[in-house]
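Student: Hi! Could we go through this model together?
Tutor: Happy to, here it is.
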Amino acid sequence: MIKAILGQSENIDTRTAVESVIAQCQQKLTGHQPQAGIVFAGVTFDHRLMLDKILDKFPGLDLIGCTTAGEFSSSYGCSDDSISLMVFYSDDIEIGIGIGRTLSDNPDTAVQSAVDQASHKLSKRASICLAFPDVLNKSFDPILKKLNLVLGNDCPVFGGAAGTLWNEELMPLQFFKNEILSDAIPIMIFAGSLEYSFSIANSWKPVGKQAKISRAEGRLVRRIDDFKAVDFYRYYLGDHSEPAREFLMAVYDKDSEHSYLRAPFEYNPDGSITFSDSIPQGATVQLTEAVSEIIIEDTKSTSQKMVQQVPDLVSAFAMAFSCGFRKNMLGTRVEQEFQIYSKYLSRI
């Protein structure tokens, strides 16, 4: 048995927000002592005060987390600037946490260190790993590959990158126990007999002609077909100065119809584009678009699919990791997507 307890609060005052979150959790814990917790928060809060308050009320709590581009939970709803805390306790599931530091210098070493720490006190087989790395200025691909290699095929990895709102100039932060970090990867591993189901909602659909990446270096794409990368976007979308972040790039695996997405993060003065992650030189790419109606319908179908995969399973909790691009595309309809989760996961 495993139980998850939620608290979320939106307030400009950090002390008021975190005390409300703690009170919500304490009320629902009914005397149980949680083993571990995950905290998500807006980037402008007093994170030192936030962590100190949480750990003062829950001494010894194995706590990780990060800043985000927005939070939602069944405890409160959707917010661009809140504190959200999820704590766990179980009588048979083990939970371990770990941290990898200086992620950009050596992702392999950082990931190995995080997994070693998280696994140290676990006596059972790892079932699920949650990871929240800082990947603002680095590639996610080697991080994920190393996590999969170290954890093995029987332990899937879920999570998302630490973030901030687009209008904030502050850097994303990661949390590990009472530490406030950057350029790090905090992880949480659940070990033991844990049943789960998952589904992925993509929602971005390819449009227009396919093209080739003519020149690229990791995340930096210089030329697409015969265009400078920025000019390629402007040719199809018109003259614009800010990166067209809502028009993600579909990148196709070699000789495959399957694709993965990359977002244009920054237009550079030389006409190149820095993307959210690496794109191989020579890859086939295609612009994509998403509209709110498609996103909403995709959320419905993927939520329904996840529940149908395990029709007899009564779940203890559900977690959803959505990206800032998706939230920005939905705008005020982001609450509607949250309501869909609540409807289809009403057994939780």
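Tutor: A word on terms to begin with: helices (H or I, at least four residues) and strands (E, at least two) are DSSP runs, numbered from the N terminus. This is a predicted model, where local features need pLDDT of at least 70, side-chain atom pairs count only at pLDDT 80 or more, and totals for chains, interfaces and linings use all residues. Residues are numbered from 1 along each chain as its sequence is written, and side-chain values use heavy atoms, with hydrogens and water left out.

Student: Thanks! Which strand does Ser127 lie in?
Tutor: Ser127 is part of strand S8.

Student: And is Ser127 buried or exposed?
Tutor: Ser127 is buried, because its relative accessibility is 3%, and buried means under 20% relative accessible area (1.4 Å probe, protein chains only).

Student: What does the side chain of Ser127 reach?
Tutor: The backbone oxygen of Gly192, at 2.3 Å. That is a polar contact: a pair of N or O atoms within 3.5 Å, where within protein one must be able to donate a hydrogen and the other to accept it, and residues adjacent in sequence count only if both atoms are side-chain atoms. Leaving aside neighbours within four places in sequence, Ser127 also has contacts (heavy atoms within 4.5 Å) with residues including Asp154, Pro156 and Phe190.

Student: Let's switch to Gln8. Where does Gln8 lie?
Tutor: Gln8 sits in strand S1, residues 2-9. With a relative accessible area of 2%, Gln8 is buried. The Gln8 side chain reaches the backbone oxygen of Gly77 at 3.5 Å.

Student: How many residues has the largest nonpolar core?
Tutor: It has 24 residues, and Ile38, Phe88 and Phe190 are among those with the most contacts inside it. A nonpolar core here is a set of buried Ala, Val, Leu, Ile, Met, Phe, Trp, Tyr and Cys residues joined through side-chain atoms within 4.5 Å. Elements that give two or more residues to this core include S1, strand S2 (36-41) and S8. Apart from it lies another core of 23 residues, with Ile5, Val21, Phe58 and Leu173 among them.

Student: Now helix H2: which residues are buried there?
Tutor: In H2 (residues 47-57), the buried ones are His47, Leu49, Met50, Leu51, Ile54 and Leu55. Their cover includes helix H1 (14-29), S2 and strand S10 (174-176).

Student: And what happens at the start of H2?
Tutor: There, a side-chain oxygen of Asp46 reaches to within 3.3 Å of the backbone nitrogen of Arg48.

How values were computed: Buried means under 20% relative accessible area, exposed over 50%, partly exposed in between (1.4 Å probe, protein chains only).
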